Amino acid sequence: LEKKAGRNYGPPGTKRLIYFVDDLNMPEVDAYGTASPHTIMRQHIDYNHWYDRAKHSMKVVSNTQYVCCMNPKAGSFTINPRLQRHFTVFALSSPSSTALTTIYNSLFQGHLEHAKFATGLVKVGEQLVDVAIKLHNKVAQIFLPTAVKFHYLFNLRDLTNIFQGMHFTSGEVIKTPLQLVRLWMHEASRVYADKLVEEKDLTQFKELQLQVVREAFPDLEA
């Protein structure tokens with residue numbers, strides 16, 4: 001923001017500033033059902049100004065708007081209606097396994113073809129996507145967050161990170177189905193196992209990974 005005339009502030013020139021507020025529902029709710037950050041936001045949206053607590057003066061802030069998202073697994077699951085009425089609300093559910101297969105198949109198959117992988121590996125890639133999604137769902141169901149393991153949160157960002165790592169390879173390096181499967185196992189371990197803090201969790205993850213690989217690729221030798 002820059003100072004305009006008098007007590008007016010706004011983005012440079014004729015630009016419009018968008019505030020992105022992540023985890024809108026995370027601030028603690030007081031005994032009256034309100035949260036201080038929400039009240040500040042509502043005041044700005046309603047009256048287009050804030051108060052400078054140091055100078056005891058009003059600052060009019062124009063040409064701005066808010067885009068927010070909420071945490072679906074933590075925090076309060078309702079927002080004060082006086083704030084929520086200013087927003088258009090979109091509720092997005094997690095995509096189904098079928099939708100995930102379509103999305104990641106398109107991305108991974110495109111890479112395999114563009115990076116000149118052998119035809120046989122392109123076919124294996126389809127199975128590998130199914131295996132990756134199956135392992136991801138099992139990891140998310142088994143390794144749940146606790147007070148000590150609060151970081152045990154596995155979402156589609158982790159699954160995407162696995163395929164992003166695999167996209168650095170090319171057909172000149174990976175030439176057999178076994179090499180491609182081993183690459184996926186390495187990337188999955190890098191993403192999932194690096195979050196696990198107990199030896200028993202690591203052992204359980206390795207067993208899960210080997211189980212889904214053996215079920216999908218019974219003919220491959222370790």
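In this predicted model, α6 passes α7 in a right-handed crossing, a term that applies if the near helix is turned clockwise from the far one by less than a right angle. Residues are numbered from 1 along each chain as its sequence is written, and side-chain values use heavy atoms, with hydrogens and water left out. Local features need pLDDT of at least 70 and side-chain atom pairs count only at pLDDT 80 or more, whereas totals for chains, interfaces and linings use all residues.

The helices named here are DSSP runs (H or I, at least four residues), numbered from the N terminus. The contact between these two, meaning heavy atoms within 4.5 Å, is made by Val181, Trp184, Met185, Ala188, Ser189 and Tyr192 of α6 together with Phe205, Gln209, Leu210, Val212 and Val213 of α7. By class, these residues divide into nine nonpolar, two polar and no charged, where Ala, Val, Leu, Ile, Met, Phe, Trp, Tyr, Cys and Pro count as nonpolar, Asp, Glu, Lys and Arg as charged, and the others, Gly among them, as polar.

The helix α6 also meets α4: their axes, which are lines fitted to C-alpha atoms over the stretch in contact, with angles from 0 to 180 degrees between N-to-C directions, come within 11 Å and cross at roughly 25°. That makes α4 roughly parallel to α6, a description kept for angles under 35 degrees. On the α4 side the contact includes Leu128, Val131, Ala132 and Leu135, and on the α6 side it includes Leu180, Trp184 and Tyr192. This contact has 13 nonpolar, two polar and no charged residues.

A further pair is α3 and α5, which pack at an angle of about 15° with their axes 10 Å apart, and are therefore roughly parallel to each other. Here Leu100, Tyr104, Phe108 and His111 in α3 meet Leu156, Leu159, Thr160, Phe163 and Met166 in α5.

What has the most contacts inside the largest nonpolar core? Such a core is a set of buried Ala, Val, Leu, Ile, Met, Phe, Trp, Tyr and Cys residues joined through side-chain atoms within 4.5 Å, buried meaning under 20% relative accessible area with a 1.4 Å probe and protein chains only. The largest one has 39 residues, and those with the most contacts inside it are Leu135, Met166, Leu180, Trp184 and Tyr192. The helices α3 (97-114), α4 (119-142), α5 (156-166), α6 (177-192) and α7 (199-216) each supply at least two residues of this core, and its largest share, 10 residues, comes from α4.

Key
Buried < 20%, exposed > 50% of the residue type's maximum accessible area, 1.4 Å probe, protein only. Parallel < 35°, antiparallel > 145°, perpendicular 65-115°, else oblique.
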